[in-house]
Amino acid sequence: MTAEPMPLAATSLFRAVMVAAGWRCQCTGQCGHGHTRTEGRCRHAHGGPVLLMAAPADLATPDRIAATLPAQDLRAWCPGCHTAAQRLAHRGSAHGPRQPGLFDLDTSREDTHS
C-alpha cells in the first residue's frame, strides 16, 4: 500500500480534512452538477490522477481569511468541482468578483521599476 500524496505544508490540517471527507470530494452540487450517478456527491477520490485540495466550505471566503480557517470550516474538493463552485459562488456573492489572493500576481499594473 502506498501513502496518499500530501501537500508540502499544513499536512496535519490537510489530513484532518481528508479523513473527515473519507478522502473523497465533498461537493454535493455546489459546482452546478447534481452528481446524480454517485448518490449526490462527487465521485473523485484523492490519489492517482486526481489530487484533492482542502478549501473553505464557503467558497466566497477571501483567500486571506481562508488561509486561517480550522479543519471544520474546510472541505475536500477536486479541482473541477472547486473551480466551478467558486465561479458560481462569486457570481452570486455579495462580495462581488474574487479579490486577488495573497500570492496572485497583479498583471494590471505596469512595472515602474524598469
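Author: A polar atom in the side chain of D58 lies 3.0 Å from the backbone nitrogen of A60. This is a polar contact, a pair of N or O atoms within 3.5 Å; within protein, one must be able to donate a hydrogen and the other to accept it, and residues adjacent in sequence count only if both atoms are side-chain atoms. The model is predicted, so local features need pLDDT of at least 70 and side-chain atom pairs count only at pLDDT 80 or more, while totals for chains, interfaces and linings use all residues. Residues are numbered from 1 along each chain as its sequence is written, and side-chain values use heavy atoms, with hydrogens and water left out.

D58 itself is in the loop between β1 and α2 (63-66). Helices (H or I, at least four residues) and strands (E, at least two) are DSSP runs, numbered from the N terminus. D58 counts as partly exposed because its relative accessibility is 48%. On that scale, buried means under 20% relative accessible area, exposed over 50%, and partly exposed in between (1.4 Å probe, protein chains only).

D58 and Q86 are 28 residues apart in sequence, yet their C-alpha atoms are 8.9 Å apart in space. Q86 is one of the buried residues of α3, along with C81, H82, A84, A85 and H90. The helix covers residues 79-91, which makes 13 residues. Its span from first C-alpha to last is 18 Å, close to the 18 Å expected; the expected span of a helix is 1.5 Å times one less than its number of residues.

What lies over the buried side of α3? Its buried residues are covered by elements including β1 (53-56) and β2 (74-77). H82 is in α3 and is buried because its relative accessible area is 12%. Leaving out residues up to four places away in sequence, H82 touches M53, A55, L59 and W77; contact here means heavy atoms within 4.5 Å. H90, also placed in α3, has a relative accessible area of 13% and is therefore buried. The C-alpha atoms of H90 and L59 are 7.7 Å apart, although 31 residues separate them along the chain.

H35 is in the loop between α1 (11-21) and β1, and its relative accessibility of 14% is why it counts as buried. Beyond four places in sequence, its contacts are C27, T28, G29, G40, R41, C42 and C81. The phi of H35 is near 50°, a positive value in a residue other than glycine. Most residues other than glycine have a negative phi.

In soluble globular proteins, nonpolar side chains tend to be buried together. M18 touches W23, L52, M53, A54 and A76, its neighbours within four places left aside.

W23 belongs to the loop between α1 and β1 and, although not a glycine, has a positive phi of about 60°. The structure holds one aromatic pair. F14 and W23 form it, edge-to-face, 6.3 Å centre to centre with 70° between the planes. Rings of Phe, Tyr and Trp (its six-membered ring) pair if their centres lie within 6.5 Å; planes under 30 degrees apart count as stacked, over 60 as edge-to-face and the rest as tilted. F14 counts as buried because its relative accessibility is 7%.

Of the 114 residues, 31% count as buried. Of the contacts with a separation of 6 or more, 55% join residues 24 or more positions apart.
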